[in-house]
Amino acid sequence: MKPAPFVHHGPRTLDEAVAVLGEVGHDGKVLAGGQSLIPVLNMRLAQPAHLVDINRVAGLDTVTVTDSHVRVGATVRHAELEKHDEAYAVLPLLRQALLCVAHPAIRNRGTTVGSIAHADAAGEMPSVLVLTQGVIEVVGPRGRREVAALEFFEGPLQTVLEADELVEAVRFARFAPGTRTAFLESARRSGDYAVAGVGVAVDVSTDSGEAVVTGARAAYVSVTDIPVVVDLTDAVAGQPVSSVWDGVDELVQAGIAPEADIHASSEYRRMLAAELTRRALTRATTEGTA
Amino acid sequence: MTDIDQGTTVDVTVTVNGIAHTRTVEPRRLLSDFIRHDLRLTGTHVGCEHGVCGACTVLVDGKPMRSCLMFAVSAEDMEITTVEGLGTQDAMGPVQQAFVECHGLQCGFCTPGFVTTITAFIEENPDPTSEEAREAISGNLCRCTGYQNICKAVLRAAEINRERATPTEGGDPA
């Protein structure tokens, strides 16, 4: 349970980080919070020869809120984003989901961008990024590029990121005014990997004087290989916010493909995902406003 | 491809419990092992070594983190507090005192991680509810106690902290 030897690189600027990654990226990994990477190294499931430790790279530790998005730098800790009041005010889904990410001690060190680059199917923040139709800002020896969240994930733990590239930041797009959100998951123990989880964004119109749902989208944790957005609009449009959301099952089942493992069968995960969706819709429409 | 020099070491300076320590270690040295092996501070316990059990939790610049999921080299110039820094047998910290009063431990293996975690928690939340207390320790495993007395100890620790912060009535005669 100790990592294999590696060479540690501690760049102080983004240019230095890009340069060293260009040199050793083919046999190296980027180290940010390390809360997913270091367990893998400790168990020697991976033995990269180089670690490019970006924790001291200047300028990557900021959260920026604009009219259109919340931009999160590569070394912003989950806990920092969770407690960022300005980010919460414009995009409550961030805090709603971050509270489901492991435990406080892990959130104090782990980074939101790192969990997205890691692309674990049980990760919360990849699904949140996709649900907000966010963007990943990638930098590498060939310059900068931006990747839409939906095009970033290729499979469990696989992304379009090249070995010599680094995620500099991600941008969570803000929802239209009136969109309400919620994030729910079910795990065997609080903070553990979710058996299933869901984030929902619900469009609510009050034009007629009564709160009526006009659309809804959901993104899932642990029941899809890569984060996808399931459009629930056909099942929810026109319903009052007090609905019990009986009609969503078919759309949820069509949108997910849960695998069976030691923790739950595929069927159980299907049932759970649908139930969590109904509860999340209720929570979003009765409690959350964005 | 670069050859890895297995013997490559780096000088690392980490402040632990207020004292700056410099050691020459391999970059792969986990902070937990740095604390235990290199500094001989064995109060920090190592359980699972993949971040699940919480036994190795220390305070890094005041915030609880898993020392098994950090490299010593990444902790350069950071302020680490281990359980040894939170009190002594004669002058126990509020969390240690609460664990004694509430019988919050049996074998004691997990206790250092609970003490550091709870110390940070009651700083942030000086008057927690039972539910918040349970949530605060949800990332730490204990196989002996069944947790009930640890939950009580969280609330009691917060109480002791508040008592200690309140000046004694009558004040200092001097």
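Reader: Which residues are buried in α12(A)?

Author: A word on the source: this is a predicted model. In α12(A) the buried residues are Arg269(A), Leu272(A), Ala273(A), Ala274(A), Leu276(A), Thr277(A), Arg278(A), Ala280(A), Leu281(A), Ala284(A) and Thr285(A).

Reader: What do the buried residues of α12(A) pack against?

Author: They pack against elements of chain A, namely the strands β11 (179-187), β12 (194-205) and β13 (212-221), together with the helices α10 (233-236) and α11 (249-255).

Reader: How many residues does helix α12 of chain A have, and how far does it reach?

Author: A helix can be checked against the span expected at 1.5 Å a residue. Helix α12 of chain A, residues 266-286, has 21 residues. From first C-alpha to last it reaches 30 Å, close to the 30 Å expected.

Reader: Why does Thr285(A) count as buried?

Author: The test is a count of neighbours: a residue is buried if 20 or more other C-beta atoms lie within 10 Å of its own. Thr285(A) counts as buried because it has 24 C-beta neighbours inside 10 Å. Its place is in helix α12 of chain A.

Reader: Which residues is Thr285(A) in contact with, leaving aside neighbours within four places in sequence?

Author: Those are Arg180(A), Val202(A), Val204(A), Val213(A) and Val241(A). Sequence distance and distance in space can be set side by side for another pair: Thr285(A) and Pro240(A) are 45 residues apart in sequence, with 9.0 Å between their C-alpha atoms.

Reader: Turning to the other chain, how many helices and strands does chain B have?

Author: Chain B has 5 helices and 5 strands. Read from the N terminus, their order is β-β-α-β-β-β-α-α-α-α. The C-alpha trace of chain B spans about 70 × 45 × 25 Å along its principal axes. Of its 174 residues, 47% count as buried. Among contacts in chain B with a separation of 6 or more, 58% join residues 24 or more positions apart.

Reader: What does the domain assignment of chain B give?

Author: It gives domain 1 (10-86) and domain 2 (94-165). The centres of the two domains of chain B, taken over C-alpha atoms, are 21 Å apart. Between them, 16 residues of domain 1 are in contact with 14 residues of domain 2. On the side of domain 1 that touches domain 2, β3 (57-60) and β4 (63-66) of chain B each supply at least two residues.

Reader: Which residues of α5(B) are buried, and what covers them?

Author: The buried ones are Ile150(B), Ala153(B), Val154(B), Arg156(B), Ala157(B), Ala158(B), Ile160(B) and Asn161(B). What covers them includes α2 (94-102), α3 (111-124) and α4 (130-136) of chain B. The span check applies here too: the 18 residues of helix α5 (residues 148-165) of chain B should span 26 Å at 1.5 Å a residue, and the end C-alpha atoms are 26 Å apart, which agrees.

Reader: How many residues does each chain bring to the contact between chain B and chain A?

Author: The contact takes 26 residues from chain B and 26 residues from chain A. On the side of chain B that touches chain A, β4(B) gives the most, with 4 residues. Sorted by class, this side of chain B has 9 nonpolar, 11 polar and 6 charged residues.

Conventions: Residues are numbered from 1 along each chain as its sequence is written. Chains are lettered from A and ligands numbered from 1 in the order in which they are written. This is a predicted model: local features need pLDDT of at least 70, side-chain atom pairs count only at pLDDT 80 or more; totals for chains, interfaces and linings use all residues. The expected span of a helix is 1.5 Å times one less than its number of residues. A residue is buried if 20 or more other C-beta atoms lie within 10 Å of its own, exposed if 12 or fewer, and partly exposed in between; C-beta atoms are placed from the backbone. Two residues are in contact if their C-beta atoms, placed from the backbone, lie within 7 Å. Domain bounds come from an automatic or database domain assignment. Ala, Val, Leu, Ile, Met, Phe, Trp, Tyr, Cys and Pro count as nonpolar, Asp, Glu, Lys and Arg as charged, and the others, Gly among them, as polar.
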